[in-house]
Amino acid sequence: PEAVRPGPAGAPPSPAGPSSPAGALDARSVSAWFGERKVLDRVSLEMPAGRVTALIGPSGCGKSTFLRILNRMHELVPAASLAGEVLLDGEDVYAPERRLTEARRDIGMVFQKPNPFPAMSIYDNVVAGLRLTGIRASRAEKDRLVEECLTKAGLWREVADRLRQPGGALSGGQQQRLCIARSLAVRPKVLLMDEPCSALDPTSTRRIEQTIRELVDEVTIVIVTHNMQQAQRVSDRCAFFLAEQGTPGAVVEHGPTEAMFTAPVDQRTSDYVNGRF
Ligand code: ADP
Ligand code: MG
């Protein structure tokens with residue numbers, strides 16, 4: 001097991017500044033393989049701080065793989081290998097001296113299927129990441145953090161009077177918002193979201209989208225979505241991934257969302273965003 005970065009003794013998690021410019025991700029010529037098979041080819045993409053970047057493209061073109069590479073989660077796959085660089089605010093996420101827990105603390109992840117700890121209370125779910133990443137906090141600090149993070153995730157009013165109930169007792173949409181609150185508790189600079197609404201109903205989806213727009217003032221967001229309306233509603237920038245007949249996934253085009261949807265440069269982008277494949 002890997003060493004956990006100790007938090008400053010007794011120091012509460014520092015409050016996230018609303019105008020903090022931190023959290024710019026920059027992928028430089030990232031290629032990835034599973035065993036012999038190349039699945040991403042020289043993907044270069046800047047994901048600016050304080051913006052929502054949407055990754056779009058057909059299934060199997062490497063969006064999830066790319067997302068996982070951004071916070072070193074793909075290292076969990078034994079056969080996976082990588083070339084290229086990922087920089088967070090100019091610092092190499094893969095630098096040998098940079099601990100995995102540090103990368104994961106700075107760059108949180110929310111998955112398609114809501115995955116709160118089902119038997120753990122709502123309260124304990126929110127603070128679960130503190131211990132894992134070596135942050136110490138008093139009971140009073142945790143109380144404040146739980147309220148703050150649940151508020152940011154748009155869940156506080158619904159659960160304030162039942163924080164001791166298990167996370168698994170919530171509805172799917174509430175569970176996803178609990179997962180967002182849990183991610184926020186360690187003060188990440190970036191939040192990665194892999195199809196966070198695909199398992200949710202339209203009402204829950206719209207609430208998560210609203211939350212995403214509210215969060216982006218303090219955390220950079222990278223979201224994978226298959227929903228073109230959602231990409232247009234939530235993202236500032238878009239990157240279109242494609243893996244053509246047996247070739248590895250690559251970025252065909254990227255840019256401001258508005259331009260990608262109204263004036264795509266590449267015919268394949270146009271076809272995809274207009275639902276022609
Ligand atoms: P997307 O998220 O765009 O649907 P993925 O990143 O999940 O695409 O997958 C990209 C390619 O990598 C696919 O061909 C998929 O089969 C392959 N792949 C994904 N995960 C693994 C894995 N753990 N082992 C081997 N191949 C994988
Ligand atoms: Mg995927």
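Visitor: Which residue stands opposite Ile107 in β7?
Guide: Val190 does. This is a predicted model, by the way: local features need pLDDT of at least 70 and side-chain atom pairs count only at pLDDT 80 or more, while totals for chains, interfaces and linings use all residues. Residues are numbered from 1 along each chain as its sequence is written, with chains lettered from A and ligands numbered from 1 in the order in which they are written.

Visitor: How do you know that β6 and β7 pair?
Guide: Pairing takes at least two bridges found by DSSP. Strands β6 (residues 107-110) and β7 (residues 190-194) have four and run parallel, so they pair. As for what a strand is, it's a DSSP run of E with at least two residues, while a helix is a run of H or I with at least four, each numbered from the N terminus. The protein has 10 helices and 10 strands.

Visitor: What makes β6 an edge strand?
Guide: Look at its sheet, an open one with six strands in the order β6-β7-β8-β3-β9-β10 and mixed pairing. Strands β6 and β10 (250-256) each pair on one side only, and that makes them the edges. Even so, β6 is buried: Ile107 and Met109 point one way, Gly108 and Val110 the other, and all four are buried.

Visitor: Why does Arg68 count as partly exposed?
Guide: Buried means 20 or more other C-beta atoms (placed from the backbone) within 10 Å of a residue's own, exposed means 12 or fewer, and partly exposed is in between. Arg68 has 19 such neighbours, so it lands in the middle class. Arg68 sits in helix α1. Leaving aside neighbours within four places in sequence, Arg68 is in contact (C-beta atoms within 7 Å) with Met73 and His74.

Visitor: What makes α1 mostly covered?
Guide: Six of its eight residues are buried, namely Lys63, Thr65, Phe66, Leu67, Ile69 and Leu70. Just after α1, Arg72 takes a positive phi of about 65°.

Visitor: Which strands pair only on one side in the open sheet of four?
Guide: That sheet runs β2-β1-β4-β5 with antiparallel pairing, and its edges are β2 (37-47) and β5 (91-92). Strand β1 (residues 25-34) meets β2 over seven bridges in the antiparallel sense, with Trp33 opposite Lys38. Helix α1 packs on this sheet, touching β1, β2 and β4 (80-88), and its direction makes about 120° with that of β1. That angle is between N-to-C directions of lines fitted to C-alpha atoms, for helices over the stretch in contact, on a scale from 0 to 180 degrees.

Visitor: What surrounds ligand 1?
Guide: The shell is Phe34, Val39, Ser59, Gly60, Cys61, Gly62, Lys63, Ser64, Thr65 and Val77, each with its backbone-placed C-beta atom within 6 Å of the ligand. Helix α1 (residues 63-70) gives the largest share, three residues.

Visitor: How do you know that the radius of gyration agrees with a compact globule?
Guide: The rule, over C-alpha atoms, is 2.2 Å times the number of residues to the power 0.38. For 277 residues that comes out near 19 Å, and the protein has 19 Å, so the two agree. The C-alpha trace spans about 55 × 45 × 35 Å along its principal axes, and 40% of the residues count as buried.

How values were computed: Contact = placed C-beta atoms within 7 Å.
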